[in-house]
Amino acid sequence: MPFLELEGDPELADNPHELGAELTVGSGSQASWRLPGRDLAARHFRLVCAPTGGARVFPASTQNVVVLNGAQVPTQGSDLQSGDVIAAGSVRFIYLETADAARPAPAGEPVPAFLVNTTSRRGYQLRKRVVQIGREIGCSIVLRDPTVSRFHADIRSEGGEYVVYSMGAGGTRVNDEAVSAPRMLATGDRIAIGDTVFTFVRGTLPPGVAAAQFEDHSDDSFSRKRTQLATPTITKELGKYGSRRRARRGALPWLVGLGVVVVALLAYLAFVR
């Protein structure tokens, strides 16, 4: 009978967890193995065991990132072997074909990760669990670019890896591919956000790149502007007629008010007579 073990918590009840036909792991009440406080989604991933032996792991949603032995699990799932490491949220699980099967060595110290702005040659170390990138003054990395949304993209630490989430109207691209679902980053990946391109690096900063702190701006006037998706073309002729229309619209309330006064005056005179 196979088991799923939560690494590093031997005192947890029902750990390792014996598998049936299917197991859903998450933090919510609908999960068959509920594990709150570990940065898991309500229903994060599923393990499906075949009647003839073997098992397969699936993300419970396209928005959930599951990492198997250092690689992102696709939506169609991945086969499991005894001793495989499944990472999700802030924890690691070990798939075991028997309760006394060999376990892999515990995870070592995490390798530092950086986002390098390829234009300014500045590198931001990803120390926080969530690094927000956008035009909003509260973002970790602020881009003064009208084509960038206020909250455009996140780089999140998940399963010991780093994942890009795209939320901006203008989209985010990794290695010239549009990001439609959370995507795990690998060393050398190029992330394009508006006119800015970042390179994801693990280990140490490349030569010639200066370490940078996350931005701390006091002027938020630019972040409050509407995101610019397209620039309209205005001709001189259109501008002339547009000005006339605005002038007419501005005079209209005065004409209506004058008409009301005239009608009221006529009614008063008729009543007095």
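Residues are numbered from 1 along each chain as its sequence is written, and because the model is predicted, local features need pLDDT of at least 70 and side-chain atom pairs count only at pLDDT 80 or more, while totals for chains, interfaces and linings use all residues. Side-chain values rest on heavy atoms, with hydrogens and water left out.

The chain holds one helix and 23 strands; both are DSSP runs numbered from the N terminus, helices being H or I of at least four residues and strands E of at least two. Of its 273 residues, 37% count as buried, where buried means under 20% relative accessible area, exposed over 50%, and partly exposed in between (1.4 Å probe, protein chains only). The accessible surface comes to about 15,800 Å², and 54% of that surface belongs to carbon and sulfur atoms; these areas come from the Shrake-Rupley method with a 1.4 Å probe, and for residues only the protein chains shown count as cover. Contacts (heavy atoms within 4.5 Å) were also sorted by sequence separation. Among those between residues at least 6 apart in sequence, 43% join residues at least 24 apart.

Turning to the strands, seven of them form an open sheet with mixed pairing, in the order β19-β18-β21-β22-β12-β13-β23. The edges are β19 (177–178) and β23, each of which pairs on one side only. Pairing here requires that DSSP finds at least two bridges between two strands. Within this sheet, β12 (residues 113–117) and β13 (residues 122–125) run antiparallel and share four bridges, with Val 116 standing opposite Gly 123 of β13.

Beyond its neighbours within four places in sequence, Ala 211 is in contact with Gly 123 and Leu 205. The C-alpha atom of Ala 211 also lies 9.2 Å from that of Phe 114, although 97 residues separate the two along the chain.

The largest pocket has a volume of about 550 Å³. Grid points are joined across faces, edges and corners, and the volume is the space filled by probe spheres set on the points. The lining numbers 28 residues, and Ala 107, Pro 110, Gly 159, Gly 160 and Glu 161 lie nearest the centre. At least two lining residues come from each of β7 (67–68), β10 (85–88), β11 (91–96) and β17 (161–166). Sorted by class, the lining has twelve nonpolar, nine polar and seven charged residues, with Ala, Val, Leu, Ile, Met, Phe, Trp, Tyr, Cys and Pro taken as nonpolar, Asp, Glu, Lys and Arg as charged, and the others, Gly among them, as polar.

Several loop residues also deserve a look. Ala 102 sits in the loop between β11 and β12 and is exposed, at 63% relative accessible area. Setting aside residues up to four places away in sequence, Ala 102 touches Gly 83 and Leu 96. Its C-alpha is 8.0 Å from that of Ser 82, a residue 20 places away in sequence.

Most residues other than glycine have a negative phi, and most peptide bonds are trans. Against that background, the loop between β1 (3–6) and β2 (17–18), which contains Pro 16, has a cis peptide bond from Asn 15 to Pro 16, with omega near 5°. Asp 14, in that loop between β1 and β2, has a positive phi near 65° and is partly exposed, at 45% relative accessible area. Asp 39 likewise has a positive phi, near 60°; this residue lies in the loop between β4 (33–34) and β5 (45–49) and is partly exposed at 38%.

Methods: 1 Å grid on protein atoms, 1.4 Å probe; cavity = no way out; pocket = protein on both sides within 12 Å on 5 of 7 lines; lining within 4 Å.
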